[in-house]
Amino acid sequence: MLDCAMLNLKLSHNTLIQYRPIQTSDLEVLEKIHGDLFPIRYESEFFQNVVNGRDIVSWGAVDRNRPDGKSDELIGFVTARTVLAKDSDIEEFLRYDSSKSEQTLIYILTLGVADSYRNLGIASSLIREVIKYASNIPTCRAVYLHVISYNNPAIYLYKKMSFQCVRRLSAFYFINGQHYDAYLFIYYVNGGRSPCSPFCQIEDLFERPLSKSAVANSWTTIFPRELIKLLVTGAKSGFRMVAAKLWRKEDRKPSKWSKGKDSGSLLPTKHNKRMPTEGALSQFV
């Protein structure tokens with residue numbers, strides 16, 4: 001269990017934040033917080049699955065210094081589930097051995113923090129719990145999630161935590177009669193990587209043992225291996241700089257989407273048949 005003592009200007013006391021698994025006694029509060037944060041209703045089955053750990057893993061944040069005697073009441077949460085990599089909707093963004101059918105992913109379903117407890121790093125700590133959990137599963141290759149395109153605080157948080165934004169999904173969410181785009185974020189673990197770009201292919205070639213790479217051997221007779229790898233690394237860095245500039249330019253464009261709550265990802269227009277059902281309803285920070 002993690003501890004975090006802080007002072008929030010919205011609160012009248014020093015907080016002592018701890019993190020623990022969500023349990024059956026949290027059911028009522030969990031439903032209430034979801035209702036407060038999300039402008040859509042969740043099925044009761046979802047909450048039952050969360051508190052009973054049926055195909056869903058979860059962590060809750062509590063404030064042990066609450067002066068109202070509710071020191072074990074949830075003030076934040078994250079829920080996630082394990083997905084087979086071969087059955088996921090992000091298979092194209094994974095570089096893995098398709099013959100190993102047991103390889104998995106962790107998909108973040110919902111993430112939320114009570115308004116009075118925001119900006120204390122609780123959301124970051126909850127995400128770190130998920131990443132640590134995924135990293136301890138030898139077959140897991142990534143943690144991923146979706147976030148609505150106007151949720152700039154959440155987007156900033158995921159970027160700060162080294163999640164990679166790999167795609168913008170058009171009209172992914174539908175709420176109050178309006179469509180919203182979503183971003184797909186991925187955090188690779190346990191050697192999971194994105195599919196090979198030409199740079200990755202060259203880099204991989206020179207990471208193999210000499211005896212297993214005839215092409216690499218022929219190249220290294222002309223150029224030193226270290227020099228080639230240095231050139232590839234430089235080219236990749238230049239590509240990332242260009243991509244970052246394009247991203248910032250895109251962010252400066254006026255949004256065509258109406259502004260909503262700072263936290264939010266909502267119901268998509270349609271489900272990918274390989275997407276976890278509850279996952280379509282998530283993402284609030």
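**Questions on a predicted protein model**

Reader: Where does L120 lie, and what separation do the C-alpha atoms of L120 and T15 have?
Author: L120 is placed in the loop between β5 (104-113) and α3. Along the chain, L120 and T15 are 105 residues apart.

Reader: How many helices and strands does the protein have, and what share of its residues is buried?
Author: The secondary structure consists of 7 helices and 8 strands. The protein has 285 residues. Of these, the buried share is 46%.

Reader: What share of the contacts with a separation of 6 or more joins residues 24 or more positions apart?
Author: The contacts considered here are those in the protein with a separation of 6 or more. Among them, residues 24 or more positions apart account for 67%.

Reader: Which residues does G76 contact, leaving aside its neighbours within four places in sequence?
Author: G76 is in strand β4 (residues 74-84). Its relative accessible area is 0%, so G76 is buried. The C-alpha atoms of G76 and G60 are separated by 5.6 Å, although the two residues are 16 residues apart along the chain. With neighbours within four places in sequence left aside, the contacts of G76 are W59, G60, A61, G112, V113 and L126.

Reader: What is the handedness of the crossing of α1 and α2, and how do the residues of their contact divide?
Author: The crossing of α1 and α2 is right-handed. The contact is formed by L27, L30, E31 and H34 from α1 with F46, F47, Q48, V50 and V51 from α2. The residues of this contact divide into 6 nonpolar, 2 polar and 1 charged.

Reader: How are the axes of α3 and α4 oriented to each other?
Author: Helix α3 (residues 122-135) and helix α4 (residues 152-160) have axes that come within 11 Å and cross at roughly 50 degrees. That angle makes the orientation of α3 to α4 oblique.

Reader: What is the handedness of the crossing of α3 and α4, and how do the residues of their contact divide?
Author: α3 passes α4 in a right-handed crossing. On the side of α3, A123, S124 and I127 take part, and they meet L157, Y158 and K160 in α4. The residues of the contact of α3 with α4 divide into 4 nonpolar, 1 polar and 1 charged.

Reader: What separates the C-alpha atoms of A123 and V113?
Author: A123 is located in helix α3. With a relative accessible area of 9%, A123 is buried. A123 and V113 are 10 residues apart along the chain, and the separation of their C-alpha atoms is 6.7 Å.

Reader: Which residues does M161 touch, not counting residues up to four places away in sequence?
Author: M161 lies in the loop between α4 and β7 (164-175). Its relative accessible area is 11%, so M161 is buried. The C-alpha atoms of M161 and I127, 34 residues apart along the chain, are separated by 8.7 Å. Not counting residues up to four places away in sequence, M161 touches S124, I127, R128 and Y187.

Reader: What phi does D55 have, and where is this residue found?
Author: Most residues other than glycine have a negative phi. D55 is found in the loop between α2 (44-52) and β3 (57-63). D55 counts as exposed because its relative accessibility is 65%. Although D55 is not glycine, its phi is positive, near 65 degrees.

Reader: What phi does N190 have, and where is this residue found?
Author: N190 is found in the loop between β8 (178-188) and α5 (198-207). Its relative accessibility is 32%, so N190 counts as partly exposed. N190 is not a glycine, yet its phi is positive, about 55 degrees.

Methods. Residues are numbered from 1 along each chain as its sequence is written. This is a predicted model: local features need pLDDT of at least 70, side-chain atom pairs count only at pLDDT 80 or more; totals for chains, interfaces and linings use all residues. Side-chain values use heavy atoms; hydrogens and water are left out. Helices (H or I, at least four residues) and strands (E, at least two) are DSSP runs, numbered from the N terminus. Buried means under 20% relative accessible area, exposed over 50%, partly exposed in between (1.4 Å probe, protein chains only). Contact means heavy atoms within 4.5 Å. Axes are lines fitted to C-alpha atoms, for helices over the stretch in contact, and angles run from 0 to 180 degrees between N-to-C directions. Angles under 35 degrees count as roughly parallel, over 145 as roughly antiparallel, 65 to 115 as roughly perpendicular and the rest as oblique. A crossing is left-handed if the near helix is turned anticlockwise from the far one by less than a right angle, and right-handed if clockwise. Ala, Val, Leu, Ile, Met, Phe, Trp, Tyr, Cys and Pro count as nonpolar, Asp, Glu, Lys and Arg as charged, and the others, Gly among them, as polar.
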